[in-house]
Amino acid sequence: MMKTECVGDYVKLKGKTYPCTVSLAMDLIGGKWKAVILYHLKSGSRRYNELRKEIPTITEMTLSLQLKQLEKDGLVLRKVYGKKPPIKVIYSLTNFGKGFIPVLEAITKCGNNVVSEYGEFVKT
């Protein structure tokens with residue numbers, strides 16, 4: 001039986017072509033920060049400043065750019081409350097984004113195992 005990911009010569013999503021399903025998934029959640037941002041949104045909605053506090057090593061520009069990309073790709077919903085400053089902006093996972101929770105949990109478990117086995121947890 002043929003594997004699902006091998007059904008076609010390539011895959012397409014929203015007009016973008018990928019060589020395989022792994023490439024597509026990595027484009028959506030790969031890189032240094034996307035999975036981390038999604039991890040913090042999996043337990044519920046967050047304001048921008050809450051995400052900044054929970055991910056202190058990310059720069060403001062990077063967080064902003066990554067959130068825009070995740071929103072563009074349909075994984076994150078950005079909801080604006082209020083018409084004039086200070087407006088309230090809340091980020092949350094879309095249903096499509098929630099589909100990545102099992103992957104995020106597997107990555108978290110793998111990272112925990114690696115640190116437990118080969119590294120160390122450090123408190124600052």
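User: Which residues does Arg46 touch, leaving aside those up to four places away in sequence?

Analyst: In this predicted model, Arg46 touches His40, Leu41, Leu51, Glu54, Val89, Ile90 and Tyr91. Arg46 itself has its place in strand E3.

User: Why is Arg46 called buried?

Analyst: The relative accessibility of Arg46 is 15%, and buried means under 20%, so Arg46 counts as buried.

User: What makes the pair of Arg46 and Glu54 a polar contact?

Analyst: The side chains of Arg46 and Glu54 come to 2.7 Å in this contact, and the cut-off for such a pair of N or O atoms is within 3.5 Å, so the term polar contact applies.

User: How do you know that E3 and strand E5 pair?

Analyst: E3 and strand E5 (residues 88-93) share two bridges in the antiparallel sense, and pairing asks for at least two bridges, so the two strands count as paired. Arg47 has Ile90 in E5 as its bridge partner. The open sheet of three strands runs in the order E3-E5-E4, with strand E3 (46-47) and strand E4 (76-81) as the edge strands, each pairing on one side only.

User: Why are H1 and H2 called roughly perpendicular?

Analyst: The axes of helix H1 (residues 21-29) and helix H2 (residues 34-41) cross at roughly 70 degrees and come within 7 Å; angles of 65 to 115 count as roughly perpendicular, and H1 and H2 are therefore described that way. Where they meet, Asp27, Leu28 and Ile29 in H1 face Lys34, Ala35 and Leu38 in H2 as contacts, and by class this contact has four nonpolar, no polar and two charged residues.

Terms used:
Residues numbered from 1 in each chain as written. Predicted model: local features only at pLDDT ≥ 70, side-chain atom pairs only at ≥ 80, totals over all residues. Heavy atoms only, no water. Helix = DSSP H or I, 4+ residues; strand = E, 2+ residues; numbered from the N terminus. Buried < 20%, exposed > 50% of the residue type's maximum accessible area, 1.4 Å probe, protein only. Polar contact = N/O pair within 3.5 Å; in protein donor to acceptor, adjacent residues only side chain to side chain. Contact = heavy atoms within 4.5 Å. Axes fitted to C-alpha atoms, helices over the stretch in contact; angles between N-to-C directions. Parallel < 35°, antiparallel > 145°, perpendicular 65-115°, else oblique. Nonpolar A, V, L, I, M, F, W, Y, C, P; charged D, E, K, R; others polar.
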